[in-house]
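Take a moment to turn the model in your viewer. Then follow the text through it, one region at a time.

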Amino acid sequence: MTRPGDHREPMARAVGSPVAPAGPSGFPAPDGPAGVSAPWATADTLGVHGRAERGGAARWEPSGMSKTPVLDLRGIDKSFGSVKVLHDVSFAARPGEVTALVGDNGAGKTTLVKCIGGIHPIDRGEYRFEGRPVRVGSPRAATSLGIEVVHQDLALCENLDIVENLFLGRERRRGLALDEEVMEDMARRTLSGLSVRTVDSVRRRVSHLSGGQRQTVAIARAVLWDCKVVVLDEPSAALGVVQTQQVLEIVRRLADRGLAVVLISHNMNDVFAVSDRICALYLGRTAAQVRTADVTHRQVVELITSGVSGDLGLRR
């Protein structure tokens, strides 16, 4: 079912929309002073994403990105002792798209994310990355593939500044000394590529940052290392309206630069604002994975709460 007035196509962009040359980590290089967002980057990304839905005059065309999932989980089971948390779960994330993972508390979202990130080994099923079966037995193995997970607690060190947090454990060196100049430049370029306009210095301590700024630093740390999949666990939780909008713009921008983005959220307005596809979990099972343009808020809520909505969902 398509929502009335909704004609947008996932993996599409408006004809004539600017595309800047790529910089570090696949993001456009800033064309202004360090730390200052480039003019293209200050555009209303969410507005562009939903332009056709609002009846704008822009014409849409496929972006040409491959629709083959970069991350493809099939028949995943996971148990903790006698408690089976995931039952035959299937999940896919495609490059250039935001895939929202939704479900009620206890549906298995966190466990699935930890399986994706290598924290929990899967008991049964197939884990495919870029079309080939892989074994992900640790977070380091997931990172080596190009999978970065931004957990809800962010895992930032408050006594360190932004640069030190971005490069923690991956410091750049010049001989025996740290190459502070290179790290600062990479930090500025990454934040600028994400159109971060609220951080005045990359040397500010994390303890002095707001919740939205901390979330931005955590996302920047994930995308700094040429990743292919970014998993964001409730990135807008406990944020105000303005900070939530800024984080959602960053989420959409990550996908527009070609990354596969997995967004976990309980907020249906956020999900429908930025996602291309939605995967709904119900009691540890995949109820449905559908295009966002093909479902309504009500259908998604029904999938979350009962596992079925009309022709969609689990067959009983």
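Start with the word cavity: on a 1 Å grid over the protein atoms alone, a cavity is a set of points where a 1.4 Å probe fits but cannot get out. A pocket is an open set with protein on both sides within 12 Å along at least five of seven lines. Lining residues have an atom within 4 Å of a point. Grid points are joined across faces, edges and corners, and a volume is the space filled by probe spheres set on the points. Rolling a probe the size of a water molecule over the atoms shows where empty space is left.

This is a predicted model, in which local features need pLDDT of at least 70, side-chain atom pairs count only at pLDDT 80 or more, and totals for chains, interfaces and linings use all residues. Residues are numbered from 1 along each chain as its sequence is written, and side-chain values use heavy atoms, with hydrogens and water left out.

Now look inside. How many cavities of 30 Å³ or more are there? The count is one. About 120 Å³ of space lies in the largest cavity. Its lining has 14 residues, and Ser195, Val196, Arg197, Gln246 and Ile250 are the closest to its centre. Helix 6 and helix 7 each give two or more residues to this lining. Here helices (H or I, at least four residues) and strands (E, at least two) are DSSP runs, numbered from the N terminus. Helix 7 provides the largest share of the lining, six residues. Sort the lining of the largest cavity by class and you get four nonpolar, seven polar and three charged residues. Ala, Val, Leu, Ile, Met, Phe, Trp, Tyr, Cys and Pro count as nonpolar; Asp, Glu, Lys and Arg count as charged; the others, Gly among them, count as polar.

Next comes an open space. The second largest pocket has a volume of about 500 Å³. It is lined by 22 residues. Pro139, Thr143, Glu148, Val149 and Arg170 lie nearest its centre. Helix 3 (139-145), strand 8 (147-150) and helix 6 (211-223) each supply at least two lining residues. The lining of the second largest pocket holds 13 nonpolar, four polar and five charged residues.

Step back to the whole chain. It has nine helices and 16 strands. Of its 316 residues, 51% are buried. Buried means under 20% relative accessible area, exposed over 50%, and partly exposed in between (1.4 Å probe, protein chains only). The chain exposes about 14300 Å², and carbon and sulfur atoms supply 50% of that area. Such areas come from the Shrake-Rupley method with a 1.4 Å probe; for residues, only the protein chains shown count as cover. Contact means heavy atoms within 4.5 Å. Among contacts between residues at least 6 apart in sequence, 69% join residues at least 24 apart.

Now visit some helices. Why is helix 2 (residues 109-116) said to be largely enclosed by the rest of the structure? Because six of its eight residues are buried. They are Lys109, Thr111, Leu112, Val113, Cys115 and Ile116. Just after helix 2, Gly118 takes a positive phi of about 80°.

Glu184 sits in helix 5 (residues 180-193). Leaving out residues up to four places away in sequence, Glu184 touches Val163, Val202 and Arg203. With the side chain of Arg203, the side chain of Glu184 makes a polar contact (2.9 Å). A polar contact is a pair of N or O atoms within 3.5 Å; within protein, one must be able to donate a hydrogen and the other to accept it, and residues adjacent in sequence count only if both atoms are side-chain atoms.

Arg252 belongs to helix 7 (residues 241-256). Is Arg252 buried or exposed? Arg252 counts as buried, because its relative accessibility is 2%. Its side chain reaches the backbone oxygen of Val274 at 2.6 Å.

Thr305 lies in helix 9 (residues 297-306). A polar atom of its side chain is 2.8 Å from the backbone oxygen of Val301. The C-alpha atoms of Thr305 and Asp104 are separated by 6.9 Å, although these residues are 201 apart along the chain.

Finish in the loops. Asp226 is in the loop between helix 6 and strand 11 (229-233). Asp226 is not a glycine, yet its phi is positive, about 55°. Asp226 is exposed, with a relative accessible area of 54%. Leu283 is in the loop between strand 13 (277-282) and strand 14 (285-291). Its phi is also positive, near 50°. Leu283 is exposed, at 52% relative accessible area.
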